[in-house]
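Student: I am new to this structure. Please walk me through it, one question at a time.

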Amino acid sequence: MPAADTVLTGARVRTLDPDRPVARAVAVREGEITAVGDESDVRDWRGPATEVLDLHGATLTPGLTDAHSHPVWGIEMATGTDLSAVRDPDQLRAALRAADRGPGGWIQGYGLDHNAFAGRPVDRCLVEDALDGAPAFLRLYDGHSALASGAALAAAGITGPRAFDQRSEIVCDADGRPTGHLVEHAAMDLVGALVPKPSSAERRARLLELLGAMAATGLTGAHVMDLGDGDVPALLAAVEYGGDLPLRLNLAPWCMPGTGDEELAELIALQRTGGRHWRIGGVKFFMDGTVEGGTAWLEHADCHGQGTDAFWPDPQAYARAVRVLDAAGVRTATHAIGDAAVRHVLDTVAALGPGARMRHRIEHIETVPDDQLGRFAELGVIASMQPPHTAYTRADHTDEWSRRLGEERAAHAWRCRDLRDAGAVLALGSDWPIAHYDARRILTTARSPLGAASAGPALTGLMALEGLTSHAALAAGEERVGGRIAPGHRADLTAFTVDPVTAGVDELAGAPIRLTLSGGRITHREETV
């Protein structure tokens, strides 16, 4: 018998393997789990070079996977001044006066909460006096809108509204003056393309630092819902040329309105691309935008009369693109926040027939009516949700998200437990940098939802853990190699100092992670291990 590289002992092992749900020790060789059981079951796997780690009573689980994240694109998005603590226009102006200016005098900011405008229109007139004429590009927290200063608009040649192939808007006032509010990607990119970008070396360094910090919260992998500007494979290859990625990454490039047969063929061909610890697997669509930005696709308009249009001007063109990808065996993930968007994606998958089961997923699902809950399990559509997003809402429904939707739809906020009870596969994530990447925060907000979702039922501790492990593996089509602690599965493992299933949410939120292994590689460990 060949010797194991690593043997883990002294643990309570929650395997999530129905054949052996609990164990005490695990052996790992060449990135794969070779033995699971009591310490006597792994004794023969020890050799002279085997590293034996006593976990001192820690709870060992399958490695945590963030099922929706943007670690590479997020480096660009989270550049500049952190505006997440801003609560009103006065605080925003103060933060901008103190902000550092980058190359070309640009001021960048990120994480700005829609609620900071207290219901007022997002308008550059609120900040121009704090900028002293500097070009500024301020990303709102949702990643789907930004505020640009007058100088930034001038640099981009923006003087009025424009038409786009996708749902996007340069917001203008009654006189046709651009307010600086840029809604959705095509409009944002007009200014965003001019903003100074980190160098390649800086991106590599920041990515490794970020992924290392993610590993310290127990993450062993992430489903990356973008491919940046297309240069991400080259960036990841460059990182792996000099070492290893701390997390296993599964990336899904975007398919946007206007995509034709040639571009779809390119997306299909991309599915063969990968490295040691990353691969392209799936395609990301947008069926709508955000509630706060007025671009969620709703079955009836929000309180501002917005939200009745899809991100794809022709929703049937979206359905056709999904059919082409499904026929090629490509998995899809569709951003659908509003009830009309969710319904259209479910209808699209229903039209594909039973062969599409478990190949498609819906991201976010912030509000969904009762009559759609059971269709997820019926059609085999995976629900991918981000419990930390609930922090941007308020329990009394005075926040921008709740006000726009109205009481009835706001009462259907983030129905994670309802979807699980209806039999759906539910993968959980953070959507970093929209919310913090800390996996413990995902677990705790799933068990104790915040804001508008706080009145609804919560996930159990086991359901929350499954959302980051076995259900995340199902969402990526990796259930035969991931999401469980069983012989033959990948050695993606997370050791908690508390039991994440039974510990109180406050205890879990601050509990250190004792050890993280991704593909058998130790990517984080406490000094005591």
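Tutor: P433 sits in the loop between β22 (426-428) and α16 (439-447). Helices (H or I, at least four residues) and strands (E, at least two) are DSSP runs, numbered from the N terminus. This is a predicted model, where local features need pLDDT of at least 70, side-chain atom pairs count only at pLDDT 80 or more, and totals for chains, interfaces and linings use all residues. Residues are numbered from 1 along each chain as its sequence is written, and side-chain values use heavy atoms, with hydrogens and water left out.

Student: Which kind of peptide bond joins W432 and P433, cis or trans?

Tutor: Most peptide bonds are trans. For W432 and P433, omega is about 10°. The bond joining W432 and P433 is cis.

Student: Is D132 buried or exposed?

Tutor: D132 lies in the loop between α4 (128-131) and β11 (136-140). D132 is not a glycine, yet its phi is positive, about 55°. Buried means under 20% relative accessible area, exposed over 50%, and partly exposed in between (1.4 Å probe, protein chains only). At 66% relative accessibility, D132 is therefore exposed.

Student: And H364, buried or exposed?

Tutor: H364 belongs to strand β20 (residues 360-364). H364 too has a positive phi, about 90°, although it is not a glycine. Its relative accessibility is 3%, so H364 counts as buried.

Student: Which residues does F376 touch?

Tutor: Contact means heavy atoms within 4.5 Å. Residues up to four places away in sequence are not counted. F376 then touches V342, L346, I362, I365, V381, I382, A383, L419 and A424.

Student: How do α9 and α10 lie to each other, parallel or oblique?

Tutor: The axes of α9 (residues 261-270) and α10 (residues 315-327) come within 10 Å and cross at roughly 40°. Axes are lines fitted to C-alpha atoms, for helices over the stretch in contact, with angles from 0 to 180 degrees between N-to-C directions. Angles under 35 degrees count as roughly parallel, over 145 as roughly antiparallel, 65 to 115 as roughly perpendicular and the rest as oblique. So α9 and α10 are oblique.
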